Structure formats: structure tokens, C-alpha cells
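Thanks for sending this one over.

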Amino acid sequence: MYLGVKKGDRVQKGQVIATLDQRSAQVSLENALTDYDKQRNTFDTTQENNGNRKPQDALSEAMKSVLENNQYDLNKAINSVELQSLAKEQSVLTSPIPGVVTKLDVTTAGVNVGPTTTFSISDTSNLVFRADIDEADIGKIQPDQNMSVTLDAFPDQSFTVSIDSIDYTSHQTSTGGTAFTVEGLISQSDEEYRIGMNGDVEIIVAEIENVPILPLSSLIDDTHVYVQTDKSFEKRSVKLGLQSDTEAEIINGLKVGDRVALTPDDVEKQFPKLKPE
């Protein structure tokens, strides 16, 4: 066997990766060609002896049977040549795409190599970033939305990926939750990003500017907050707008200058009368 690459090599489309021992395939092909030549002579002789007629033009049932069998035998010989030729072609493995060899079952030619030996070629110029989105949020996600991606290997930089696809089928996460996978292509020219890197993603599903916001931790049952007064706090009803995982827009209930308690539990400990019974 010829082994033409090693892990990490860059290959081009159509480049030979490996070749199995072709001697047996070549012998089988030559035998099939010999059988074909022999059968072709028999076919031509039989045709001449029967006036070069086709089966449908036979003068008797016996002649029709002879002509049909003659054609069957020739077809069988042709098929045998094609099969042996295909077997020889398949003994040469070429790369279907340009990319980098990321996996191969063997490292030495001729050692434990066979038809089931596998090689992996990855197109590193267009990597796919996959992110799991919780089922509670998947309804807000649409194709062509942008994801801001930060990889663990490069925590100080981020890049934008457009969502290309969203799974129709959910799966269970390692923590037992239900999520859907979204995918987007990462285009790169210098192979800075590598297969298997982990990271975090942010997807903006709605955006507003210059509005009052509060951390979710300051809310009481998503409807009230504690606002500081001269000597204590008062519980005030608020109406929420857009929300993220950590913050919420306040539509009304507060005015400029109001001081809101960020930890309601601490307020209730300090002023027990405020705590609902």
C-alpha cells in the first residue's frame, strides 16, 4: 500500500491519499478482459451462424433461445469487466475536497490497512460553529440573525457569525435541559480557529437604546421593586419591557432619580415590616 499523507497535511481536491495493493485487482481485471474477448468471439460466431438475427427475429423458438443466451453471456462478461475495473479504481483513495488531514486510522503504509480504513479531511476555510439554544428561547431565533461568538482560546476577541440553520429536533443537554442546535459558518483564511474549540455566543433578538433597566435580581415576583425613601423603602409596582438573562427594561413605575434596592432580601431583613406575610 502507498500512504501519501500524514495527519496535519494540507491536500487538494482529487489528490491521492492512499492506494491499496493493486496487483490482485489488476490480475482480476485482466482475467475479466480475457473472458470478455473469449465471449465476444463466441457471440460473433453464434450471430453469424444464425444469420445475424436478433432474438425477436428468430425463425424458431430454439433459435430464439440460443440468441438470447448468447446475449446474456456477453452482457455478463461486460459486467464482469466493469466490476473489476471499478474495484481497481476504488483501490485508489483521493480527497473529495481541499482541506487538512485531521484523522487517519494508520500512520505506516501496509500496516493494518484495508478497505475499511478511514481518513478524515476537513475544509478549514469554512468551519461550522454550533450553539445550543434553550427551548424557552428558540422561538426568538431566526435564520440570518447574527451571533456574536467568543472562543475560550481567544477570550479578548469576538466575531460575528450569521445563523444558517436551526435544528427541527431538540436534544437533551448534559445538564438535563432541552435545547436546539443552531449553526453558522466561520470563514477564515489563516486557520486561526481550529476544530473542536469551545466558546460562548450572544444573539440579539431585539434592541432598544436609552431606556431605564434594572437587574432581574432587584425584582420581586417580576412586578415590584423596593424604592428607597428618606428613612426606609417602599414597595412599588413596575411594568417590564424587553428582558435579557440578567436585565429588564422598566416601562413605567419609576422616575429619574429613584434609588432601587438591588437585593430585596437584604431590605426585608433590615425592615421586616416590608416583607409580605
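This is a predicted model: local features need pLDDT of at least 70, side-chain atom pairs count only at pLDDT 80 or more; totals for chains, interfaces and linings use all residues.

1. Residues are numbered from 1 along each chain as its sequence is written, and side-chain values use heavy atoms, with hydrogens and water left out.

2. The chain holds three helices and 18 strands, taken as DSSP runs (H or I, at least four residues, for helices; E, at least two, for strands) and numbered from the N terminus. Its radius of gyration is 36 Å, well over the 19 Å that the globule rule gives for 277 residues, so the chain is more spread out than a compact globule. That radius is taken over C-alpha atoms, and the rule is 2.2 Å times the number of residues to the power 0.38. Along the principal axes, the C-alpha trace spans about 120 × 50 × 35 Å.

3. Of the 277 residues, 27% count as buried, meaning under 20% relative accessible area with a 1.4 Å probe, protein chains only.

4. Helix α1 covers residues 23-49 and reaches 39 Å from first C-alpha to last, close to the 39 Å expected at 1.5 Å a residue (1.5 Å times one less than its number of residues). Buried residues in α1 include A25, L29, A32 and F43. The buried residues of α1 pack against α2 (61-89), with contact meaning heavy atoms within 4.5 Å. Just after α1, G51 takes a positive phi of about 70°.

Note on methods:
Buried means under 20% relative accessible area, exposed over 50%, partly exposed in between (1.4 Å probe, protein chains only).
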